[in-house]
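Here is a short report for a modelling reader. Look over the structure, then read on for the metal sites, the cores and the rings.

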Amino acid sequence: MAYPGIRAAVADRRARAVSVSRAIHADPELALREHRSSALLQDWLRDEGFTVAAGVAGLDTAFVGEWGTGRPRIAFMAEYDALPGIGHACGHNLIASGGLLAAAAVRAELERTGAAGTVVVIGTPGEEGAGGKVIELDAGVFDGVDAAMMFHPADRTILTRRMLACLHFDVHFHGVAAHAAKNPADGRSALAAMLLFFNGVDALRQHAGDGSRMHGIITDGGQAPNIVPEHTSATFIVRDVTLERAQALAERVYEVARGAAAMTGTRTEIVPTSPPYAHLNSNHTMAARVGEHLATLGHPHEAPSPTDGTGSTDAGNVSLAVPTVHPFMQIADRGTPGHSRVFAQASGTERAEEAMVAMATALAGLGWDLFTSPTLLAEATEEFRAGGHDPAAALEAVIA
Ligand SMILES: [Zn+2]
Ligand SMILES: [Zn+2]
């Protein structure tokens, strides 16, 4: 990658990027409560000359930074929430710091050369289950954005990995309390209903489509052993290769809950806990450009597999609204599981920081290309308008 201006701008900011990444990593904050991480990122943007609006879309920890004027408007997304109990096991410290590093480098180059356009940095809280990006999309935060980008850390480098659509919801059962020894016949057990629900979902699993996932935890298992449980609850996720399929599968899971309630004389209640996450529609035009930049920086990538294990992201919803690229960057040995304690540790290493800087450089390269090459932006937009890529068709092609 030639781009001496971009590379110099990245080098000038590398120390701050590493320190911001380390600070966020050392102070993990949960979804929609990322106050210190959000403030740290906003401070950096202000120091870079961005105008920052905090608390956008009614979310305290969301923000938008802007620099420049007019079109194109190219957005860099930053995530900064951690996972309960295991900290930055998704490496969002690297996403946040790498995203700002890329945006700041592009801003510096726009200023140096006088090229036109607006660099937008969107602080997107609560990716781990709260759907911050979906709330921001609905509030119009992404309006007028011509293209958006971000990356996730991973155990391998892939430009267009599929991501599953998913629905997050709580399942409640309401029973009747009674003395568990003296008056059991007067009680109706919400715990019995919950156990049947989990077993029913396991029975459904064999008959759900390839690539689907259904998993949950019990968050309230009853009140005391000598009381027939009056209330139980679980928090649950249903995923599938497309949003349409995930919604259809969730309906079958709700029916299992209703069946469990019928069997036990209890009542069930399903409460969505976030907006639905869509599958990711990666923009291949932009992804190819990221791959070229990464290659010149000495980072090869591998071909995606439609059967590779994967998660979900609210960047999926963004990808259905604007041309979006979301590559994965290797920061740890192959086989290191995501959302694990090992991955949390890996996200704070020098190896991860090195990878973050390389990916930020490649994304800055793509950003610069989008600002200065109307042809590239037109091609990316054309691909997006044509409907992009259907993950269900890709999976069926492999399984057949
Ligand atoms: Zn993540
Ligand atoms: Zn995650």
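## Asn 283

Is Asn 283 buried or exposed? Asn 283 is buried, with a relative accessible area of 3%. Buried stands for under 20% relative accessible area, exposed for over 50%, and partly exposed for what is in between (1.4 Å probe, protein chains only). Asn 283 sits in the loop between strand E10 (267-272) and helix H7 (284-296). Helices (H or I, at least four residues) and strands (E, at least two) are DSSP runs, numbered from the N terminus.

A polar atom of the Asn 283 side chain lies 3.1 Å from the backbone nitrogen of Met 286. Leaving aside residues up to four places away in sequence, Asn 283 touches Pro 323, Thr 324, Val 325, Ala 380, Glu 383 and Phe 384. Contact here means heavy atoms within 4.5 Å.

## Basis of the model

This is a predicted model: local features need pLDDT of at least 70, side-chain atom pairs count only at pLDDT 80 or more, and totals for chains, interfaces and linings use all residues. Residues are numbered from 1 along each chain as its sequence is written, chains are lettered from A and ligands numbered from 1 in the order in which they are written, and side-chain values use heavy atoms, with hydrogens and water left out.

## The two zinc ions

The zinc ion (ligand 1) has Cys 90 (SG), His 92 (NE2) and His 152 (NE2) as protein donors, 2.0 to 2.2 Å away. Donors are N, O and S atoms within 2.8 Å of the metal (3.2 Å for Na, K and Ca); water is not among the atoms, so sites may look incomplete. The spacing along the chain is C-x1-H-x59-H. His 92 in helix H3 and His 152 in strand E6 (residues 152-154) are 60 residues apart, a link between distant parts of the chain. His 92 is buried at 0% relative accessible area, and His 152 is buried at 4%.

The zinc ion (ligand 2) takes Cys 90 (SG), Glu 128 (OE) and His 339 (NE2), at 2.0 to 2.3 Å. Its donor residues are spaced C-x37-E-x210-H. Cys 90 lies in the loop between strand E3 (73-78) and helix H3 (92-113), and His 339 in the loop between strand E12 (328-330) and helix H9 (341-346), 249 residues apart. Cys 90 bridges the two zinc ions, which lie 2.9 Å apart. Cys 90 counts as buried, at 13% relative accessibility. His 339 counts as partly exposed, at 40%.

## Nonpolar cores

The largest nonpolar core has 60 residues, and Val 290 and Leu 370 touch the most other members. Helix H10 (residues 350-372) gives the most to this core, with 14 residues. A nonpolar core is a set of buried Ala, Val, Leu, Ile, Met, Phe, Trp, Tyr and Cys residues joined through side-chain atoms within 4.5 Å.

Beyond four places in sequence, Val 290 touches Leu 159, Val 325, Pro 327, Met 359, Ala 362, Leu 363 and Leu 366. Another core, of 25 residues, lies apart from the largest one; Val 201, Ala 234, Phe 236 and Val 253 are among its members.

## Rings and charges

One aromatic cluster is formed by Phe 169, Phe 173, Phe 197, Phe 198, Phe 236 and Tyr 254.

Two arginines sit over rings. The charged end of Arg 107 is over the ring of Trp 67, 5.4 Å from its centre. That of Arg 161 is over the ring of Phe 328, 5.0 Å from its centre. The criterion is NZ of Lys or CZ of Arg within 6 Å of the ring centre and within 35 degrees of the ring normal.

Terms used:
A polar contact is a pair of N or O atoms within 3.5 Å; within protein, one must be able to donate a hydrogen and the other to accept it, and residues adjacent in sequence count only if both atoms are side-chain atoms. Rings of Phe, Tyr and Trp (its six-membered ring) pair if their centres lie within 6.5 Å; planes under 30 degrees apart count as stacked, over 60 as edge-to-face and the rest as tilted.
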